[in-house]
Amino acid sequence: MDTLSLKAMAKINLGLDVVRRLPSGYHEVRMVMQTIGLYDMLSFTKVGSGITIETDQVSLPGDENNLIYKAARLFEETYGLPSGVSIRLEKRIPMAAGMAGGSTDAAATFVGLNTLFAKGISREELSGLSVKVGADVPYCIMGGTMLSEGIGEILTPLPAPPSCHVLIAKPDIDVSTKYVYENLHANELKHHPDMDAVIAAIRGGDLSGMCTSLENVLETVTGREYPVIGRIEEQMKACGAKAALMSGSGPTVFGLFERKEDAEKAKAALREDKLAKDLFVTAFTDKTCVPV
């Protein structure tokens with residue numbers, strides 16, 4: 001095998017709590033992560049030597065600041081590579097969107113190099129290594145439905161949630177994750193999302209119960225800074241969404257719909273009102289880093 005292409009799946013958060021700020025500066029989180037069918041495409045090709053990154057986005061660097069490069073370099077330093085590799089990224093997941101676009105690209109890099117060079121390393125081992133690149137990368141290697149704890153590296157598999165249609169809407173703004181966490185003041189929070197209720201509803205296959213319990217503590221910061229997030233949620237619910245919530249640190253909002261026609265109606269309404277730049281109707285999936 002000299003070439004390989006993978007789909008690197010995006011994620012949303014079916015609930016997100018920040019338990020506290022740790023002395024290290026990191027934050028202890030408790031959140032339910034869910035893979036969705038929106039993806040980037042990464043292509044890997046063996047070359048004579050070195051690691052080169054090519055992207056289809058002018059604003060996305062292909063140098064050592066790119067998480068793909070960091071993942072490839074860490075893989076090479078840990079396991080060795082018999083030749084060089086060229087990696088091309090076709091970006092479909094909106095950037096700075098709260099859907100782990102950079103993290104899932106890094107995850108696909110670990111999985112892609114492992115497959116391309118037939119290293120035979122388990123995804124569990126890759127997941128353990130990958131936290132050095134980013135807190136969401138271990139989850140993105142495993143995918144599916146997971147309770148994520150610690151700084152994001154402690155993963156507990158959950159059953160798949162009840163099926164539904166997922167509308168993704170990213171307004172034409174970019175949000176700094178660093179800014180959101182710095183302005184959360186986690187150790188002073190008086191209210192925390194009920195993550196146990198979300199998990200119980202997922203385990204019971206209760207879509208209504210899950211939707212009722214969805215909450216993202218980071219929305220208290222991002223939603224206050226960008227009121228468009230609340231307007232998108234209201235529009236989704238007016239069109240029939242059982243729930244609408246910001247994903248990650250934002251600004252992307254997702255809506256959960258029982259009927260696809262309602263999701264499409266909401267998509268059209270958001271586009272007409274110019275509330276969101278990027279709009280996709282997709283679904284939950286348990287696949288990640290999928291060969292093409």
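Helices and strands are DSSP runs, numbered from the N terminus. The exercises below concern a predicted model.

**Exercise 1.** Locate Cys289 and determine whether this residue is buried or exposed.

*Solution.*
Step 1. Cys289 is placed in the loop that runs between β10 and β11 (290–291).
Step 2. Buried means under 20% relative accessible area.
Step 3. The relative accessibility of Cys289 is 1%, and therefore Cys289 counts as buried.
Step 4. The backbone of Cys289 has a phi near 50 degrees, a positive value in a residue other than glycine.

**Exercise 2.** Carry out the corresponding analysis for Lys274: where does this residue lie, and is Lys274 buried or exposed?

*Solution.*
Step 1. Lys274 belongs to the loop between α10 (260–272) and β10 (278–283).
Step 2. A residue is exposed when its relative accessible area is over 50%.
Step 3. Lys274 reaches 73% relative accessibility, so Lys274 counts as exposed.
Step 4. Phi is also positive in Lys274, near 55 degrees, in a residue other than glycine.

**Exercise 3.** Identify the form of the peptide bond from Gly250 to Pro251, and state where Pro251 lies.

*Solution.*
Step 1. Omega of this bond is near 5 degrees, and the bond is cis.
Step 2. Pro251 is found in the loop between β8 (243–246) and β9 (253–257).

**Exercise 4.** Describe the largest nonpolar core of the protein.

*Solution.*
Step 1. In soluble globular proteins, nonpolar side chains tend to be buried together.
Step 2. The largest nonpolar core here has 68 residues, and the members that touch the most other members are Val18, Phe110, Leu218, Ile232 and Met236.
Step 3. Helix α2 (residues 101–116) gives the largest share of this core, seven residues.
Step 4. Another core, of 28 residues, lies apart from it; Ala97, Val166, Leu207 and Leu214 are among its members.
Step 5. When residues up to four places away in sequence are not counted, the residues that Met236 touches include Leu167, Val253, Phe257 and Leu270.

**Exercise 5.** Why does the radius of gyration of the protein agree with that of a compact globule?

*Solution.*
Step 1. For 292 residues, a compact globule would have a radius of gyration near 19 Å; the protein has 19 Å, which means that the two agree.
Step 2. The C-alpha atoms fill a box of roughly 55 × 45 × 35 Å along the principal axes.
Step 3. Of the 292 residues, 53% are buried.
Step 4. The protein contains ten helices and eleven strands.
Step 5. Among contacts between residues at least 6 apart in sequence, 76% join residues at least 24 apart.

Definitions and conventions:
Residues are numbered from 1 along each chain as its sequence is written. This is a predicted model: local features need pLDDT of at least 70, side-chain atom pairs count only at pLDDT 80 or more; totals for chains, interfaces and linings use all residues. Side-chain values use heavy atoms; hydrogens and water are left out. Helices (H or I, at least four residues) and strands (E, at least two) are DSSP runs, numbered from the N terminus. The radius of gyration is taken over C-alpha atoms; the globule rule is 2.2 Å times the number of residues to the power 0.38. Buried means under 20% relative accessible area, exposed over 50%, partly exposed in between (1.4 Å probe, protein chains only). Contact means heavy atoms within 4.5 Å. A nonpolar core is a set of buried Ala, Val, Leu, Ile, Met, Phe, Trp, Tyr and Cys residues joined through side-chain atoms within 4.5 Å.
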